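Please look over the sequence and the model first, then read the notes below.

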Amino acid sequence: MKKLALLALLLLLPCTAFAQGTVHSGTYGFESVDAGVFEIGLDNMLLVNYSSADLDPDGNSTLSRLRASYVGGITPRYFVAKNFSVALNLNLFITQENATTKVEEAETTVESGDFGFLGMAMANYYIRLGNSFFFKPGIGGGVFFGTRSRPGAEEGVKLESSLSGGAARLDLGLVYYVSSHFNLKAGIDALMWFGSETDSNDVSLGYTNLDAGFNVGVAYSF
C-alpha cells in the first residue's frame, strides 16, 4: 500500500508543479473549473448490500445477507480540461457481513469481516447547476486486496482468507464550492467488486458484489 501511495504521489507531482488554473466565479457563484487545477480530497463512502433467498420450495428455510462497507481515503484530483477531472482514489475498506440462515423458527447467523486497500482511477465531468453547485457524474475502475475473517468450527477460532480482484465505480455526486480553494462533496455511489477469495489451503473461489450507498467528502484546490 505504501508503494502504491508513493507511486501516486510521484505521478501527480508534475500536476502540482504546472497547476495554473483557477475556479471562476460569476454573478451567481462559481461557474467553472479551469484545466490545471489540482486538488487533494478526503472521501468517505458508506455502502450497503442486502439479499434474501429461499433454500426450499416451501419457503420454510431462507438465507439472508446484510453487508455494510466503509470505504475512505485520500483522493488527488487534476483537471485535464475545463470541468473535466481525473483522480486516483487511495482507500481503505472495512466490511461487515452477517449471513442468517432461518429454518422454520431457528436462526443461525455467521459474521465475517473484510479489511484491505482499494485503489481506483476516476474520471468526472462537472456540470454547472448554479449558485456554486455542480453535478459531477463519473466512472472509474481499479484493484483491491485484503483479508477476510470469519469464525471457525471451534469457539474462539478465527479463519482468515485473502481477497483480491477488480472494482468498478459509478459516481453520481454533487459539489459545492465554498470558495475557489475549498469545496464539499456528497452524492450516491455504486461499487462493484469482482474477485476471488483464497483460503489457507490455496482453494480459490470467485465472487461478485454490488454495493450502493452515499459518499461525502471535502477537498482543497491549488
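Strand 6 and strand 9 each contribute at least two residues to the lining of the largest cavity. The model is predicted, with local features needing pLDDT of at least 70 and side-chain atom pairs counting only at pLDDT 80 or more, while totals for chains, interfaces and linings use all residues. Residues are numbered from 1 along each chain as its sequence is written, and side-chain values use heavy atoms, with hydrogens and water left out.

**Cavities**

- The structure holds 3 cavities of 30 Å³ or more; a cavity is a set of points, on a 1 Å grid over the protein atoms alone, where a 1.4 Å probe fits but cannot get out.
- The largest cavity has about 60 Å³ of space, a volume being the space filled by probe spheres set on the points, which are joined across faces, edges and corners.
- Its lining, meaning residues with an atom within 4 Å of a point, consists of Asp43, Arg77, Asn89, Met122, Asn124, Lys136, Arg169, Asp171, Lys185 and Asn215.

**Overall make-up**

- The protein has 1 helix and 11 strands, where helices (H or I, at least four residues) and strands (E, at least two) are DSSP runs numbered from the N terminus.
- Read from the N terminus, the order of elements is α-β-β-β-β-β-β-β-β-β-β-β.
- Of the 222 residues in the protein, 39% are buried; buried means under 20% relative accessible area, exposed over 50%, and partly exposed in between, with a 1.4 Å probe and protein chains only.
- Contact means heavy atoms within 4.5 Å, and 60% of the contacts between residues at least 6 apart in sequence join residues at least 24 apart.

**Nonpolar cores**

- A nonpolar core is a set of buried Ala, Val, Leu, Ile, Met, Phe, Trp, Tyr and Cys residues joined through side-chain atoms within 4.5 Å.
- The largest has 12 residues, including Met45, Phe93, Met120, Leu163, Trp193 and Tyr207.
- Strand 3 (38–54), strand 6 (106–125), strand 9 (158–177) and strand 10 (182–198) each give two or more residues to this core.
- Apart from this core lies another, of 9 residues, among them Val23, Phe30, Val33 and Tyr177.

**Aromatic rings and charges**

- There are 11 aromatic pairs in the structure; rings of Phe, Tyr and Trp (its six-membered ring) pair if their centres lie within 6.5 Å, and planes under 30 degrees apart count as stacked, over 60 as edge-to-face and the rest as tilted.
- Phe133 and Tyr176 form a tilted pair, 4.7 Å centre to centre with 40° between the planes.
- This pair links distant parts of the chain, since Phe133 is in strand 8 (residues 133–151) and Tyr176 is in strand 9, 43 residues apart.
- Phe30, Phe79, Tyr126, Phe134 and Tyr177 make up one aromatic cluster.
- A charge sits over a ring if NZ of Lys or CZ of Arg is within 6 Å of the ring centre and within 35 degrees of the ring normal.
- Arg148 has its charged end over the ring of Tyr207, 5.1 Å from its centre, and Arg67 lies over the face of Trp193, 5.7 Å from the ring centre.

- Ser85 is in strand 5 (residues 84–103) and is buried, with a relative accessible area of 0%.
- Beyond its neighbours within four places in sequence, Ser85 is in contact with residues including Arg77, Met122 and Asn124.
- Val103, also in strand 5, is partly exposed, with a relative accessible area of 44%.
- Val103 lies 9.8 Å from Asp56, C-alpha to C-alpha, and 47 residues from Asp56 in sequence.

Methods: 1 Å grid on protein atoms, 1.4 Å probe; cavity = no way out; pocket = protein on both sides within 12 Å on 5 of 7 lines; lining within 4 Å.
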